[in-house]
Each structure stands twice: as structure tokens, then as C-alpha cells.
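Open the model in a viewer and keep the selection tool at hand. The stops below are given in the order in which to select them.

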Amino acid sequence: MEGNRNENTKQHESSIEDHLLKIFNDQAPIARFTGMHLSFETIEDKITGKPFTSAVLCLPYKYELTTAFKNTHGGILATLLDSVMWFTAAHSFASKFSVPVSSLTSLFTSNLSVYYLRPAFKTNLKADTRVIKTGSSLQVIEGRIWDENNSLIAHGLATFSFAPKTNTPGGSSASQADRSKL
């Protein structure tokens, strides 16, 4: 019985990964423009010892994404971190709480801190992640960007909120009604 449950969990997570890969690699304009490519890896958490799924984004060096000094622009590095951490949070929400991938439009970055440690000068980049905290409506994710020589370029920490839309009288969603009060 336990073996069937583990197999079903693996199939469910594989389906989630397939959907998320398609959303980014095949459909996201930012992926086409920057050349970013999304994949997933199963990693053992160094603190808890438990395995988790990490999104990994690779960004090839592209002259159009650089500053006048030929290093990758800090805004691109922040986008890379935000994106890779969002996909880790999305995978975590979808697999842990059985949230349908179609509902992930309600997952958003509520806080993002980026620490730039060195310039990314004419180099391909790889971003990976680690889940810090998982909750039913919030995820805290850590992200890191590495260059081709495995030097740490930037470190980020983000909080992702999941606010599923609920119908309110009049047919609008609760999140739209809340925004109208701003």
C-alpha cells in the first residue's frame, strides 16, 4: 500500500513539473526574450535531511541583458531569482496542498530581497533554490545565482503568497474587491 502511495505522489509531482515546465519554457515571453530555461531537481535539504524539489533556471550570457560594462544587469539577476523562487513555491504549493496548476495564477511575490555579491561578467548563470518555510498561504524561498566557475553572484530571499480567488456577491473575486479599496 505504501509503495502505491509513493508511486502516485511521484506521478502527481511529475505532472506538476511537466505543466510548470511548459508554462515557462514554451509559453513565457520572458523565457524567450532572455533565453532562460527551467528545469527541476530533487535535492536533499541540508538542514532537515528531507528531499524537496527545487526549480533551477539557467540563463546564457546575452549581450542585450548587460550594462555598459558588459556584466549582466542587476534587474535581470533579480528577475532570475524571482522566477526561480516562484517556480519552487508553485511546485511546493501544488504538490503539498494539491493545488491545481491552473490556480497558481493566485501565487504572487509579496516580498523579494536581493543581495548582489559580485558582477556577472560575460558568463552563463544558474539559479537554484531552497524552501525555507512552507505554509498553506505563504512560502519563504531562498535563491542563489552561480556563474560558470561556481562563484556565488547573488543571493535572494522571497516570500510568496497564495490568495485563491473566491467568488463574492456580484460575480467579482474577493481579491479584485480588495484591490478596489486601495
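Predicted model: local features only at pLDDT ≥ 70, side-chain atom pairs only at ≥ 80, totals over all residues.

Residues are numbered from 1 along each chain as its sequence is written, and side-chain values use heavy atoms, with hydrogens and water left out.

**Aromatic rings**

Rings of Phe, Tyr and Trp (its six-membered ring) pair if their centres lie within 6.5 Å; planes under 30 degrees apart count as stacked, over 60 as edge-to-face and the rest as tilted. By this rule there are 4 aromatic pairs. Select Phe 93 and Phe 97: the ring centres are 6.2 Å apart and the planes stand at 45°, so this pair is tilted.

Colour by accessibility next, where buried means under 20% relative accessible area, exposed over 50%, and partly exposed in between (1.4 Å probe, protein chains only). Phe 93 is buried at 0%, whereas Phe 97 is partly exposed at 35%.

Then select Phe 24, Trp 86 and Phe 87, which ring pairs link into a cluster.

**A charge over a ring**

Show Lys 62 and Phe 33. The charged end of Lys 62 sits over the ring of Phe 33, 5.0 Å from the ring centre. The criterion is NZ of Lys or CZ of Arg within 6 Å of the ring centre and within 35 degrees of the ring normal.

**Two positive phi angles**

Helices (H or I, at least four residues) and strands (E, at least two) are DSSP runs, numbered from the N terminus. Go to Ser 98, in the loop between helix 3 (74-96) and strand 3 (107-116). Ser 98 is not a glycine, yet has a positive phi of about 50°. Ser 98 is exposed, with a relative accessible area of 55%.

Move on to the loop between strand 3 and strand 4 (125-134), where Lys 122 lies. Lys 122, also not a glycine, has a positive phi of about 45°. Lys 122 is partly exposed at 48% relative accessibility.

**Phe 162**

Finish in strand 6 (residues 152-162), at Phe 162. Is Phe 162 buried or exposed? At 12% relative accessibility, Phe 162 is buried. Contact means heavy atoms within 4.5 Å; leaving out residues up to four places away in sequence, Phe 162 touches Phe 93, Val 99, Ser 103, Leu 104, Ser 106, Leu 107, Ser 136 and Ser 137.
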